[in-house]
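Visitor: Please pick one part of this molecule and show it to me up close. I'd like to know what the side chains there are up to.

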Amino acid sequence: ATIWGEYYFVSIPLGDVALPLHLHTGDSPPQSPVGSARDFESFVRFCESKMAKFVVASSSQVFFRRLFRDFRVLHGGFLRLLRALDDGIQIHTTTDGSKIDIGEASAGWLFWLNECSGNDDDDTDSVDDDVFDTMVGRTCLMCGTILADGRFADNTSFRAEAMGKLTVTILLQCLYDFLGRTPTTPTLHTCDNQALVRRVNNIRDNNRFNTINDPIDGDILIPTAYWADRTILQSTWVRGHAERRKPDVKDWTDEEWANDIADEYANRAWTTTPRIHCSNIAIPFLHHTSLQIQVPGGSMSGKIARRLADDINRRRGLQQIQKILRLEDDLFGKIDWESFSTASTAFTKTVFSRAHFCKHVTAHWLTEARAHKFDPLASDRCRCCNWNVAETMDHILQCPSRDPVHNNYIKQFTNLMRDKEIPSDIVRMFEAGIDIAILTPLRYSYDGVHIDEDDIMTDDRVTEILTDETIREDRREAFKNQT
């Protein structure tokens with residue numbers, strides 16, 4: 001169905017509570033399309049042929065790229081990993097998530113083996129240049145990094161952790177299929193997000209659920225619980241960041257050691273060049289009927305009732321602001337709304353201050369000039385000064401009665417710039433912007449009167465900055481766009 005001509009509700013009917021789409025129905029184990037080959041590259045080709053088992057067919061290549069192509073997978077212990085699974089030796093998996101301020105998130109994942117669990121042979125045939133960490137009693141077998149797509153700018157470390165856990169369950173299922181085996185030995189998994197462990201275990205252990213009430217990131221949690229059940233993945237919580245509590249690495253437990261490596265690989269998403277970015281479009285995984293909403297530029301799931309209202313208000317509000325300010329699409333698209341939101345936080349803390357700010361942005365302050373339009377008998381002159389001019393929104397900023405307020409804030413602004421050690425050319429741009437806003441000659445931008453772009457560009461203060469070649473070109477271009 002279509003809502004307001006923009007929003008499309010997409011329910012993915014891929015299974016009910018009994019999960020009948022599971023391919024293992026008692027028939028003979030699946031056979032590998034690569035024959036008897038057991039090297040890592042053969043496993044990668046096998047996984048590529050099996051992606052449609054985990055995601056919708058149209059997204060199989062996208063997910064395959066996320067797994068194996070975006071970031072290098074270290075696989076020095078791959079043969080040892082296969083032998084451990086074939087011999088029923090218990091292996092371990094660990095995941096950790098990472099999130100950065102621009103709303104992107106990633107997860108690090110690894111398979112590792114506690115040598116005390118039963119494999120004492122020297123596995124020389126599996127050692128290559130990818131072996132990156134081996135310690136007494138524990139060995140890394142295979143590890144990598146994966147990005148968490150979806151959720152727009154409000155991506156979370158929780159979703160990143162969930163993506164990491166889903167990754168190891170899918171890879172574990174692929175490993176068993178690659179070997180042509182059915183899981184019999186539990187795989188032990190640890191992560192430092194207690195809420196994720198509790199939530200996935202709850203979904204996995206309670207098959208009687210007919211409906212899960214709008215779970216956060218349900219599009220990832222539900223297939224994670226599904227594959228965790230099929231691969232006998234047992235999850236426990238481990239306290240993260242052991243380096244903050246135990247300076248000596250020798251004091252770390254096996255699980256803390258593995259968590260530190262997973263954290264390192266999660267952060268590699270931000271240090272690898274060229275940088276690969278997350279997508280606003282979530283990958284649609286199978287084995288869940290979680291509701292998703294596709295909106296222009298992305299998708300959302302979980303807490304839909306709250307997030308949908310915010311998205312609608314934001315989209316409609318931005319359209320109205322663009323209309324009021326009469327800005328073309330290309331110029332309006334250059335506005336950094338994230339920074340704008342951060343900067344406005346200080347003076348939009350109450351509902352009254354937010355209303356006052358919104359009226360300012362949309363030119364709805366009830367000025368004397370605006371009142372005069374509705375009642376010609378009312379004077380449009382400013383009553384706070386003796387300039388005998390109309391009280392417009394521009395005049396309110398430039399009225400001499402506001403000088404004490406301006407001086408106070410300019411002093412605070414100057415102190416802030418000094419504390420932050422802002423480059424002098426940027427300070428000059430700020431000062432020019434303040435002059436244009438509060439000093440004469442007036443720059444009309446509200447009440448239906450707009451100065452031409454060519455006129456403002458000939459202003460002495462603007463020209464001085466735009467022609468000053470000592471200022472970086474990108475900064476001058478930004479100043480020009482803002483002006």
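Guide: Let's start with Arg 275, which counts as partly exposed because its relative accessibility is 26% (buried is under 20% relative accessible area, exposed is over 50%, and partly exposed is in between, using a 1.4 Å probe and protein chains only). Keep in mind that this is a predicted model, where local features need pLDDT of at least 70, side-chain atom pairs count only at pLDDT 80 or more, and totals for chains, interfaces and linings use all residues. Residues are numbered from 1 along each chain as its sequence is written, and side-chain values use heavy atoms, with hydrogens and water left out.

Arg 275 forms a salt bridge with Glu 104, and their closest N and O atoms are 3.3 Å apart (a salt bridge is a side-chain nitrogen of Lys or Arg within 4 Å of a carboxyl oxygen of Asp or Glu). The two partners are 171 residues apart, so to speak from distant parts of the chain: Glu 104 sits in the loop between β3 (92-99) and β4 (105-113), and Arg 275 in the loop between α7 and β9 (291-295). Those labels are DSSP runs numbered from the N terminus: helices are H or I with at least four residues, strands are E with at least two. Glu 104, at 9% relative accessibility, counts as buried.

Now hop over to helix α7 itself. There, Arg 268 and Glu 264 are four residues apart, which means about one helical turn separates them. Their side chains meet in a salt bridge at 2.9 Å, N to O. Arg 268 is partly exposed at 32%, and so is Glu 264 at 37%. By this rule, the count comes to 18 salt bridges.
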